[in-house]
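Me: I am new to this structure. Please take me through it in short questions and answers.

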Amino acid sequence: MKALVTVMLKDGVLDPQGEAVKSALGSMGFSGVEGVRQGKVIELDLAPGTTEAEVTEMCERLLANTVIESYRVEIA
């Protein structure tokens, strides 16, 4: 079983990497991009019996800085 955890900065938190990507795209001629938010995806290979609640606890304790980041868990 796999879990995909998507971690993004919360709305209102400055995203300098996203701004750098937006600027680079603009200088490459991609003028239609009005905003970029950059995050990360973490893929976990889970042992049988691992619950979504356990993955959520992993996110809360290590994978996401919940002060400035939000996360989404998908079990596949």
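Me: What is the relative accessible area of Phe-30?
Reply: This is a predicted model: local features need pLDDT of at least 70, side-chain atom pairs count only at pLDDT 80 or more, and totals for chains, interfaces and linings use all residues. Residues are numbered from 1 along each chain as its sequence is written, and side-chain values use heavy atoms, with hydrogens and water left out. Buried means under 20% relative accessible area, exposed over 50%, and partly exposed in between (1.4 Å probe, protein chains only). Phe-30 is partly exposed, because its relative accessible area is 48%.

Me: Where does Phe-30 lie?
Reply: Helices (H or I, at least four residues) and strands (E, at least two) are DSSP runs, numbered from the N terminus. Phe-30 lies in the loop between α1 (16–27) and β2 (39–45).

Me: Which residues form a nonpolar patch on the surface?
Reply: Patch members have over 30% relative accessible area and no salt bridge; like charges are joined within 9 Å, nonpolar side chains (Val, Leu, Ile, Met, Phe, Trp, Tyr) within 5 Å. Areas come from the Shrake-Rupley method with a 1.4 Å probe, and for residues only the protein chains shown count as cover. The patch has about 300 Å² of accessible area together, and its members are Met-28, Phe-30 and Val-33.

Me: What is the order of the three strands in the open sheet?
Reply: Two strands pair if DSSP finds at least two bridges between them. β2 and β3 (69–75) each pair on one side only, as edge strands. The pairing is antiparallel, and the order is β2-β1-β3.

Me: How many bridges join β1 and β3?
Reply: Start with the other partner: β1 (residues 2–9) pairs with β2 in the antiparallel sense over seven bridges. With β3 the sense is also antiparallel, and the bridges number seven.

Me: Which residue in β3 is the bridge partner of Ala-3?
Reply: Ala-3 has a bridge partner in β2, Leu-44. In β3, the bridge partner of Ala-3 is Ile-75.

Me: At about what angle to β3 does helix α2 run?
Reply: Axes are lines fitted to C-alpha atoms, for helices over the stretch in contact (heavy atoms within 4.5 Å). Angles run from 0 to 180 degrees between N-to-C directions. Helix α2 (residues 52–63) lies across β1, β2 and β3, and its angle to β3 is about 155 degrees.

Me: Is Thr-6 buried or exposed?
Reply: Thr-6 sits in strand β1. Beyond its neighbours within four places in sequence, Thr-6 contacts Lys-40, Val-41, Ser-70, Tyr-71, Arg-72 and Glu-74. Its relative accessibility is 15%, so Thr-6 counts as buried.

Me: How far apart in space are Leu-9 and Gln-38, C-alpha to C-alpha?
Reply: Leu-9 belongs to strand β1 and is buried, with a relative accessible area of 19%. Leaving aside neighbours within four places in sequence, its contacts are Leu-14, Asp-15, Arg-37, Ile-68 and Glu-69. Leu-9 and Gln-38 are 29 residues apart in sequence, but in space they are apart by 7.7 Å.

Me: What is the N to O distance between Asp-45 and Lys-2?
Reply: Lys-2 is partly exposed at 34% relative accessible area, whereas Asp-45 is exposed at 59%. Their side chains meet in a salt bridge, N to O, at 2.4 Å.

Me: By about how much of a helix are Arg-61 and Glu-57 separated?
Reply: Their side chains meet in a salt bridge at 3.0 Å, N to O. Arg-61 is exposed at 67%, and Glu-57 is partly exposed at 41%. Both lie in helix α2, four residues apart, so their separation is about one helical turn.

Definitions and conventions
A salt bridge is a side-chain nitrogen of Lys or Arg within 4 Å of a carboxyl oxygen of Asp or Glu.
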